[in-house]
Amino acid sequence: PGGAANCLVDIFADPQAFRPLGRLVDAGMRGVRAACPACLLAIHTDLGNRLGELGWLHVSNWHRRLQRHLSLEFTLVGLSFYPHFLTARDGDSPSVFASLAMLAPLARSLPGKRIYIAETAYPASGPMQPVRRFPATPRGQLGYLRAVLDAVTAALPREQRGGLLWWERNETGRLSLFDEGYVARPALLNGFRGSAQRKAEGKGDASLNPGHHRRPEQAARDRERP
């Protein structure tokens, strides 16, 4: 009844509360290792959404206390990161990118662990605009993805960078990397390259070309026109 926040406080107030969680997670990890000995083991939580609220030390302690109850060691820390949960609402709320900056001390506190954004998304249409400088348009979605990827790269040392995954429950839709016609949006085609790679390539942003994302059959018809 107290909600997710109180559940998190209670599990720290009673260290034994990690025991049943640890048994459950440990069973899953041992099952993965039995089926795939070479697979990496990850712990994925929604604590990325709460970095600003809880602080990086709280999130670090959560993972380290869980590890004490596991027979195997996980090597990946996955964090869900949705801007509509992180956007500043008042003077005490952290911004999206202030929260991402907390990945730096989090990584230092978890040596040997690779940290990755396990879930994130941003609207390419609709009324919701979680971050003021990124409109809910295909270009805004691309800008958000690039900014997050650059912030993660800046916060984490190379050996602890685990990457970034996009999440949308539908194949198409306002948060998807495909539009309603199943055409790839600019974020999919051009968003997963870091700033260093973009500079090294020295190419213009093809995603800003309105004809770049036409379907092949449409492009062929256009070429046939006199």
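Does His63 count as buried or exposed, and what is its relative accessibility?

A: Bear in mind that this is a predicted model. With a relative accessibility of 0%, His63 counts as buried, because the cut-off for that label is under 20%.

Let's start with where the residue sits. His63 is part of helix H4, which covers residues 56–67 and lies across strands E1 and E2, at about 135° to E1. Leaving out residues up to four places away in sequence, His63 touches Ile43, Thr45, Leu47, Phe74, Val77 and Leu79.

Two of those neighbours take us onward. Take Leu79 to begin with: its bridge partner in E3 is Ile117. Strands E2 (residues 76–80) and E3 (residues 114–119) run parallel to each other and pair over five bridges. Zoom out and you get an open sheet of four strands, paired in parallel and ordered E1-E2-E3-E4. Its edges are E1 (42–45) and E4 (161–164), each pairing on one side only. From one strand to the next, the twist averages 20°.

Now for Phe74, another contact of His63. The charged end of Lys113 sits over the Phe74 ring, 4.0 Å from the ring's centre.

Val77 and Leu79, both touched by His63, also turn up on the contact list of Ile115. With residues up to four places away in sequence left out, that list also includes Leu103, Leu106, Ala107, Leu156 and Arg161.

The structure holds six aromatic pairs. In one of them, the rings of Tyr122 and Phe134 have centres 6.3 Å apart and planes at 85°, so the pair is edge-to-face. Both residues lie in the loop between E3 and H8 (138–155), so their pairing ties together parts that are twelve residues apart in sequence. Tyr122 counts as buried at 0% relative accessibility, and Phe134 counts as buried at 8%. Ring pairs also link these two with Phe97, Tyr144 and Trp166 into a cluster.

For contrast, look at Tyr182, in the loop between E4 and helix H9 (186–190). Tyr182 is exposed, with a relative accessible area of 52%. Its phi is positive, about 65°, although Tyr182 is not a glycine.

Finally, the whole-protein view. The secondary structure comes to eleven helices and four strands. Of the 226 residues, 42% count as buried. Among contacts between residues at least 6 apart in sequence, 66% join residues at least 24 apart.

Terms used. Residues are numbered from 1 along each chain as its sequence is written. This is a predicted model: local features need pLDDT of at least 70, side-chain atom pairs count only at pLDDT 80 or more; totals for chains, interfaces and linings use all residues. Side-chain values use heavy atoms; hydrogens and water are left out. Two strands pair if DSSP finds at least two bridges between them. Helices (H or I, at least four residues) and strands (E, at least two) are DSSP runs, numbered from the N terminus. Axes are lines fitted to C-alpha atoms, for helices over the stretch in contact, and angles run from 0 to 180 degrees between N-to-C directions. Contact means heavy atoms within 4.5 Å. Rings of Phe, Tyr and Trp (its six-membered ring) pair if their centres lie within 6.5 Å; planes under 30 degrees apart count as stacked, over 60 as edge-to-face and the rest as tilted. Buried means under 20% relative accessible area, exposed over 50%, partly exposed in between (1.4 Å probe, protein chains only). A charge sits over a ring if NZ of Lys or CZ of Arg is within 6 Å of the ring centre and within 35 degrees of the ring normal.
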